[in-house]
Amino acid sequence: MATEAHGTESSLAFHPMDQFRITPLFGDGDVHWYTVTNATLWMGLAVLGVVLLLVVGSRGRSIVPSKGQSLAELTYGFVYKMLEDVGGKDSVRYFPYVMTLFCFIAFSNILGLLPLSFTPTTHIAVTGVLALLVFVFVTVLGFVKNGAKFLELFWVKSAPLALRPVLAVIELISYFVRPVSHSIRLAGNMMAGHAVIKVFATFAAIKLIAPVSIAAITAMYGLELLVAFIQAYVFTILTCVYLKDALHPSH
Amino acid sequence: MATETHGATEAVAMPQLDFATFPNQIFWLLVTLVVIYFVLSKIALPRISSVLAERSGTIMNDISAAEELKLKAQDAENAYNKALAEAKAEAQRISGEANAAIQADLDVALAKADAEIAVKAAESEAMIAEIRDNAADSVKVVAKDTAKELVAAFGGKADAKTLTAAINARLKG
C-alpha cells in the first residue's frame, strides 16, 4: 500500500502516513458514510477472526478440548478473569460488552501487522468512539445503579475536609479526561509503531543501510506484536476499572 | 490499492485528522461492534461457558466418585482388619483351650505318677526298714556269737539268757 506517486523528486520519499489513508475499496471517489472502504474490509476481517477463534474454535464443545477450543477458552478465561478480578463479581454481567471490545481491538491490532494491511485502531475516530462508548456507558450505569451516590466518586472521604473540594475538581477533570487518554493511548501506540516500521522500510531502499534497516524492521515487528496485544489488554483492563468505579463509586 | 485516490484525503498530512472520513469509520465501527457483540453474546460466549461449566461438573463428579471409591476401600480395609482381629482372637482361644486340656492331662498324669512314686517310695521304705531290721538282728546275732566266743575264750561258760539280755541292753543304749 502507499506506493508513492511523488517518487521523482528525490531518491527517498517518506510517506509513513499514507498507510493510514481511508480509501474506497471499489472505484474512486469521495468517502461517504456508507462507502465500503479499506477500513470496512479490515474491520470485517476482524469480525471473521473473532468468529474463527470463538465460534469455529469452540464448535467441538468437547470436555477435553482441541487446540482451537483451548485457544477460544483461553481467550474467554483471560478476559473473564480480568473483569472478575478488577471489576468485582457483579461486573461479570457486562462480560459480553467487555469481550467485544477486547476481541475487536486485539484482532484489529494483530491483523494490522500483516504487510499491506490497514489498522482501524490507528484512527482516532475509531478509538475515540470506543472510548466514548465506554465513557457514556459507565457514566450512565453509575447513575442508574447508584443514583446521586455516584457523585461520591468525586468526593474523597479519606482526605481532610478542607482538601475535598480541591480534590473533587481534580477528580472531575480526571474523570472527563478518561476518554481522551483512553483513546489516544491506543491510537497513538498503534500509529507510532506502524509509522516507524514504514520509515525503516523507506531506508531499506539504500543498499548500504538496507541490512540494518531490515533488522530494525524485524525487531520493531516483534515489539509491535507485543504492543498490539498489550494495548488491547490495557484498553480492556481500563474499561474494567471504569466499570468498577461505576458499580462501587465510594472510595 | 491506495495510490490514485487523492480525493478528500490529499490535503491532510495525517489521515487520522481528515474529518471527512469520520462518519464512514464510525458507521462501520458500530456495525462491526454490533456484529461482534451478537456473535459473542448469542453463540460464542454461552457455548464456551457451558463447555467450561460442563467440564468443571465432570471433574467434580470424577472427584466425588474417587472419594466414594476411597471410602469403599477404607471400609474394605476395616472389614479385613476386623476379620483378622477376630481370627486372631479365635486362634488365641483355641490355643488356650488346647493348653488347658494339655495342662489337665498333664495334671492327671502327674498326680498318677506322684501316687505311683509315693507307693513305690513307701514300698522301698518298707524294704529299707526290713533290711535295717534284718541288719539289726544280724548285728544282734553276730554280737551274741562274738560275746559267747569271747566269754568262752576267757574260760567262762556263758549263760545264753544273760548274754542276750546284756546285748539287747547294750544295743538299745
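In what order do the elements of chain A run from the N terminus on? The order is α-α-α-α-α-α, in a model that is predicted.

View 1. Chain A contains six helices and zero strands. Along the principal axes, its C-alpha atoms occupy a box of roughly 65 × 55 × 40 Å. Of the 251 residues in chain A, 47% are buried. Among contacts between residues at least 6 apart in sequence, 67% link residues that are at least 24 apart. The accessible surface of chain A amounts to about 12,100 Å², with carbon and sulfur atoms supplying 73% of this area.

**View 2. The contact between chain A and chain B.** Chain A contributes 53 residues to the contact and chain B contributes 40 residues. About 4,500 Å² is buried between the two chains, and carbon and sulfur atoms account for 73% of that area. There are 12 residue pairs in polar contact between chain A and chain B, counted with both residues at pLDDT 80 or more. On the side of chain A that touches chain B, at least two residues come from each of α1 (38-56), α2 (67-87), α3 (95-111) and α4 (124-146).

**View 3. The salt bridge between B:Arg55 and A:Glu73.** One salt bridge is counted between chain A and chain B. B:Arg55 pairs with A:Glu73, and their closest N and O atoms are 2.8 Å apart. Over all chains, the structure holds eight salt bridges.

View 4. The side chains of A:Arg178 and A:Asp245 meet at 2.5 Å, N to O.

**View 5. The salt bridge between A:Glu152 and A:Lys157.** The side chains of A:Glu152 and A:Lys157 meet with an N to O distance of 3.7 Å. A:Glu152 is partly exposed, its relative accessible area being 23%.

**View 6. A nonpolar patch on the surface of chain A.** The patch is formed by A:Phe78, A:Leu223, A:Leu226, A:Phe229 and A:Ile230, which together have about 420 Å² of accessible area. Helix α6 (residues 210-247) provides the largest share of the patch, namely four residues. A:Leu223 is located in helix α6. With a relative accessibility of 44%, A:Leu223 counts as partly exposed.

Key:
Residues numbered from 1 in each chain as written. Chains lettered and ligands numbered in written order. Predicted model: local features only at pLDDT ≥ 70, side-chain atom pairs only at ≥ 80, totals over all residues. Heavy atoms only, no water. Patch = residues over 30% accessible without salt bridge, like charges linked within 9 Å, V, L, I, M, F, W, Y side chains within 5 Å. Areas by Shrake-Rupley, 256 points an atom, 1.4 Å probe, with all protein chains shown as cover. Salt bridge = Lys/Arg side-chain N within 4 Å of Asp/Glu carboxyl O. Buried < 20%, exposed > 50% of the residue type's maximum accessible area, 1.4 Å probe, protein only. Contact = heavy atoms within 4.5 Å. Buried area = accessible area lost by both parts, 1.4 Å probe. Polar contact = N/O pair within 3.5 Å; in protein donor to acceptor, adjacent residues only side chain to side chain.
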